[in-house]
Amino acid sequence: MSTLREALLGGWELLSFHSVDAVTGAVSHPLGTAPRGLILYTADGYMSAQLTGSADAAVPDEKLPAYIAYGGRFRVDEDTATVHHEVSVSMLPELLASPQLRQARVDGDRLTLSATTTNDGVTTLNTLVWVRRR
């Protein structure tokens with residue numbers, strides 16, 4: 001049985017990205033219903049992510065730009081299935097302030113990364129689903 005870290009290695013293409021308001025349950029698609037993206041995890045401990053909105057994201061989420069890119073080192077806490085993105089370069093300066101924690105689950109060729117965020121007093125659960133590209 002491989003570790004979560006081993007299962008993450010390689011390239012993944014974004015399938016979906018949605019957010020759920022923790023209080024109201026309202027679902028939103030910050031980058032539209034068909035966002036595009038790529039996330040890479042390397043064996044020597046680096047990661048890089050790029051995401052962009054879909055054509056139906058006509059009115060972009062005011063909290064997210066239409067294109068997001070960041071990268072740096074990563075490490076995995078196997079006990080909690082948490083991936084720590086230690087961001088060293090980013091288009092969003094706030095990602096540099098502290099490690100970006102993602103709950104991770106790999107199921108075959110699908111990777112689900114999720115994170116809870118709070119902005120302006122609103123807490124959301126963000127879920128990104130990726131598919132492995134070989």
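The model is predicted: local features need pLDDT of at least 70, side-chain atom pairs count only at pLDDT 80 or more, and totals for chains, interfaces and linings use all residues. Residues are numbered from 1 along each chain as its sequence is written, and side-chain values use heavy atoms, with hydrogens and water left out.

**The chain as a whole**

- The chain has 1 helix and 9 strands, in the order α-β-β-β-β-β-β-β-β-β from the N terminus. Helices (H or I, at least four residues) and strands (E, at least two) are DSSP runs, numbered from the N terminus.
- The radius of gyration is 14 Å, which agrees with the value near 14 Å for a compact globule of 134 residues. This radius is taken over C-alpha atoms, and the globule rule is 2.2 Å times the number of residues to the power 0.38.
- Taken along the principal axes, the C-alpha atoms fill a box of roughly 40 × 30 × 30 Å.
- Of the 134 residues, 39% count as buried.
- Among contacts between residues at least 6 apart in sequence, 44% join residues at least 24 apart. Contact means heavy atoms within 4.5 Å.

**Strand β4 and its partners**

- Strand β3 (residues 36–41) runs antiparallel to β4, and 6 bridges join them. Two strands pair if DSSP finds at least two bridges between them.
- Ala-49 in β4 stands opposite Ile-39.
- The hairpin of β3 and β4 has 4 residues between the strands, and Gly-45 takes a positive phi near 95 degrees there.
- β4 also pairs with strand β5 (residues 67–77), in the antiparallel sense and over 7 bridges. Tyr-67 in β5 is the bridge partner of Thr-52.

**The nonpolar core**

- The largest nonpolar core has 24 residues, and Leu-8, Ile-39, Tyr-41, Leu-51, Leu-111 and Trp-130 touch the most other members. Such a core is a set of buried Ala, Val, Leu, Ile, Met, Phe, Trp, Tyr and Cys residues joined through side-chain atoms within 4.5 Å.
- Elements that each supply at least two residues of this core include α1 (4–8), β1 (10–21), β3, β4 and β5. The largest share, 4 residues, comes from β5.
- Beyond its neighbours within four places in sequence, Leu-51 has contacts that include Leu-14, Leu-31, Ile-68, Leu-128 and Trp-130.

- Arg-73 lies in strand β5 and is partly exposed, with a relative accessible area of 38%.
- The side chain of Arg-73 reaches the backbone oxygen of Asp-44 at 3.0 Å. Leaving aside neighbours within four places in sequence, the contacts of Arg-73 also include Gly-45, Tyr-46 and Met-47.
- Arg-73 and Arg-36 are 37 residues apart in sequence, and their C-alpha atoms are 22 Å apart in space.
- Ser-90 is found in strand β6 and counts as buried because its relative accessibility is 18%.
- A polar atom of the Ser-90 side chain lies 2.9 Å from the backbone nitrogen of Leu-92.

Conventions: Buried < 20%, exposed > 50% of the residue type's maximum accessible area, 1.4 Å probe, protein only. Polar contact = N/O pair within 3.5 Å; in protein donor to acceptor, adjacent residues only side chain to side chain.
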